[in-house]
Amino acid sequence: MATGAFAESGADLELVGIQKRFPGFTAIEHLDLTIPAGSFFALLGPSGCGKTTTLRLVAGLEDPTEGKVLIGGKDVTKLKPYQRQVNTVFQSYALFPHMTVLENVAFGLRRRHIADPVGKAHEALRLVELDHLAARKPQQLSGGQQQRVALARAIVNRPALLLLDEPLGALDLKLRRQMQLELKSIQEEVGLTFVHVTHDQEEAMTMADTVAVMNKGEIEQLGAPQELYELPKTAFVANFLGQSNLFTGKVTGSTSNSISVDIEGVKIVVPTKRAQRHAGEVTIGVRPEKLHLHLSAPKQSAGVNVLGPGRIIDVSFSGVSTQYILAIPGIGKVTVFEQNMKSGPVAAEGSEVWVSWDVEHGFGLADEPAPGPKFAADTDTATIAMQKKHALMSELEEA
Amino acid sequence: MAFGAFATGTAREQGPRRKSRIALLLLLPGILYLMLFFLVPLVSLVLTSLQEPAPMGDIGEYQTAFKWENYVDVIGTYGEHILRSFIYAILATIFALLFSYPLAYFIGVKARRWPLVQNLLLVLVIAPFFISFLLRTLAWKSILSDEGVVISGLKALSLMAPDAHFTGTGAAVVFGLTYNFIPFMTLPLYSTLERLDTRLLEAGGDLYSKPSTTFFKVTIPLSMSGIVSGVLLTFIPAAGDYINASRNFLGGSGTAMIGNVIESNFLVTLNYPAAASLSIILMAVILVMVTVYVKRSGTEDLL
Amino acid sequence: MSSKLGLGKWLLPAYAIVALTFLMIPIAYTFIFSFNNSVKSNIVWRGFTFDKWLNVCNQQEVCEAFGNSIIIGVTATICATILGTMIAIALVRYRFRFRAAISLLLFLPMATPEVVLGAGLAAEFLTAGVEKGLVTIIIAHTMFCVSFVVVTVKARVSTLDPALEEAGRDLYGSPNQVFWRITFPLLLPGIIAAALLSFALSFDDFIITYFNSGTTSTFPKYVYVSAARGIPAEANVIASAVFFLAIILVLISQVSSAIRRKRLEKVS
């Protein structure tokens, strides 16, 4: 594909049945993925989840053990990296240290014999607002500037697909925020398909139209950022994107709209359409900021779930909100975020509290409940003491 | 430096694996070359060491045999030279280490604040490399000759007996070996000391150790890889050297080392089997000493 | 080491000055005696003259030996640098079997005393009936330089970020273009350093040369052979000239890299 033409526009990317094994371990188990043209797509996951390997497979820097890579409907699995209309912004930027900024940006154009490489390179540098530094060597630029040169060097080729491998990882927080917005606006301006790999959930959520959460070589869940946050389908997603309170129990009844789950004798209701499983042992959850804290037992009412009483074991103030951690006997730790609507904490450490949340805010996960301990967080001493007490009491009763 | 360099480089082996056909193309010419001109000669040296004189031949004509007695013969004849070589080499290595360590410490640690000064001092250390090895040895011979300023001065001050000599003695040979291989010792020492984190020395002081204790408990262990490299780079060429010990240079009648004997057997008396078996002995002893030394100093990954 | 004492503060610098001066003594001696108005042997000072510097080639043997040394040094350096660079790239960038054996094969020539290397090659040439001369010296020098080239270039290759080559391939560079436009220019400083080291090793080698030279003379061999009857001042001229040339080259590279570093610091 080393012809003297640019891609007309961004192209679809399709991965079909991809598997990638390295000697000794499997990086990608089985991957099917379609990324529509013109979208800003983020692959989000912890390190070692296979996201960078996926990117390298698309770029052609690795060959899949099995499966196919299609770009714009064309099978490119067998094509070499330099034959693919795909460009990468590398994690370390990989700017050629022996060339000027301008020569770096013009490199790809010259290799493809595209007319007026210098003019086009200047144009790309203007887009990232670095044209005044065109004569410098990469080492003479700051981290943020190098990052933008790497971006210019990739987009100047008008690739069908632009791959970004943790491109903001080396920047400090403030610069990262600024670059996130810039990247987003450049993507909208040039209309290419961006595939962005990151382990930073906030970065993925602010920038991408679609986020795929990867774990252990597989995609756990794919969707718009808000959808992933509001309705996580697995415990991994629920915990990797923000924080969640998770409870496990048996489904005791269901109506057409909702299911009821028995959590240590407390009935918790979850809307049927927000639950992945509707029978047997299920894990349900709710986000900490959806919980309300009560200093006295709230009135039971339809449409509200109540847990408690429990004791506050930790209060930490973080400006916008305050995080409370409470231990509810038999159920475990629950995290609550309360907006700081008035000054000073709502409740002090040690006070007895209840929590409640709107039924509509709960969600049910697709995971098989994990074997072993019934609850996600039950290792705090209060809970252990409580369990010991229960066990002792049941022993005494038997005697 | 050279020895240490073989230890590193495994880190990137996890990188992209590429077709080993290209690797073969890259390796083949060089490896074949070394096989042909390094490995085959070693084998041919072993074969030569076992040859016996051709029954009807002239001097220098030998035939293939398995005359292992050659080894016994040369040890009997030249045992003294072999022993002397290793004693001289060990002494030269120790002196070079004592000479180089403070120098390398100064350049690598104390001069760190001024990189240009540091580099210039380093240039001075390697400067002797740039003047012919033989000429600098001859220069010492002239400087330290009986008529020279140094020796006649010492004699005038009665620090040396009037009829004593320096050139031609074992001391002169050890002196020459030490001088000639000092850069080989200083450079690896410098390159490890240069990377020494001085905060560790401060930590030593903070944890109640005297400067001398810090030096022996922190500095020396941390520069061990440099010491090992320097010792090997000095000891190996010193043990095989025959310039310094040669009569025309710093040596005399009683200073011949194994290298001198190999040279005269090979090039003068054309006793190839003797020269070859001496070479094999030299190499074997060095390999054994190096292996033991590297094992004991706890830097096995060096080889 | 003992920085508390006022004396201790000066002890180390003072020692360094004395030690470095000691290292310079024979160099200074050789240089001074290149101006000696000597007749045959150059041991006794007979007055100052520029003659030897102006008419080095009056001593034809010295000049011829020097010429041979240059020819041998250049040829062996080229061969060793090419072979060694190829091996270094393969060692760092590729995985293959017999890696340990190959590392050992590269390490051994550096751990083998020169007499053994020289005698071994000479024994091989003797068995094969090859006549010794310029070619056998070049073969020998290439052999012992290869390992040093591998070590030097390898250090450079392993500091090279593989992402740079990947970026080259990603930006439509064919394997050939990636090598010549990215890999090679980035390795060049290491390759040049390796070549200079090879040349220095070859130029100053005597022991291996002596075993494999036949009747061909090189500069060190000339010095060795004529040591018994006295070395003409012209040899000092050549050695001094080579010395100053090398020092100037090193100083230029040091100063220019210092300037470059300063400039980089100023920008950031």
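Residues are numbered from 1 along each chain as its sequence is written, and chains are lettered from A and ligands numbered from 1 in the order in which they are written. As the model is predicted, local features need pLDDT of at least 70 and side-chain atom pairs count only at pLDDT 80 or more, while totals for chains, interfaces and linings use all residues.

Chain A, then. Domain 1 covers 13-230 and domain 2 covers 243-398; these bounds come from an automatic or database domain assignment. Taken over C-alpha atoms, the centres of the two domains are 41 Å apart.

Next, the sheet. Six strands of chain A form an open sheet with mixed pairing, in the order β6-β7-β8-β3-β9-β10. Helices (H or I, at least four residues) and strands (E, at least two) are DSSP runs, numbered from the N terminus, and two strands pair if DSSP finds at least two bridges between them. The edge strands of chain A are β6 and β10 (218-223), each pairing on one side only.

Strand β6(A), residues 86-89, runs parallel to β7(A), residues 161-165, with four bridges between them. Opposite A:Thr88 stands A:Leu163 of β7(A). Which way do the residues of β6(A) point? A:Val86 and A:Thr88 point one way, A:Asn87 and A:Val89 the other, and all are buried, meaning 20 or more other C-beta atoms lie within 10 Å of a residue's own, with C-beta atoms placed from the backbone. In a regular strand the side chains alternate between the two faces of the sheet.

Further in, β3(A), residues 40-44, and β8(A), residues 193-198, run parallel and are joined by five bridges. A:Leu43 has A:Val197 as its bridge partner in β8(A).

Now chain B. Helix α4(B), residues 115-130, packs against α7(B), residues 170-193, at an angle of about 150 degrees with axes 9 Å apart. Axes are lines fitted to C-alpha atoms, for helices over the stretch in contact, and angles run from 0 to 180 degrees between N-to-C directions. So α4(B) is roughly antiparallel to α7(B), the word for angles over 145 degrees.

B:Ser225 belongs to helix α10(B), residues 224-240. Why does B:Ser225 count as buried? Because 21 other C-beta atoms lie within 10 Å.

Last, the contact between chains: 77 residues come from chain C and 79 residues from chain B, where contact means C-beta atoms within 7 Å. On the side of chain C, α1(C) gives the largest share, 13 residues.

Methods
Buried ≥ 20, exposed ≤ 12 C-beta atoms within 10 Å, placed from the backbone. Parallel < 35°, antiparallel > 145°, perpendicular 65-115°, else oblique. Contact = placed C-beta atoms within 7 Å.
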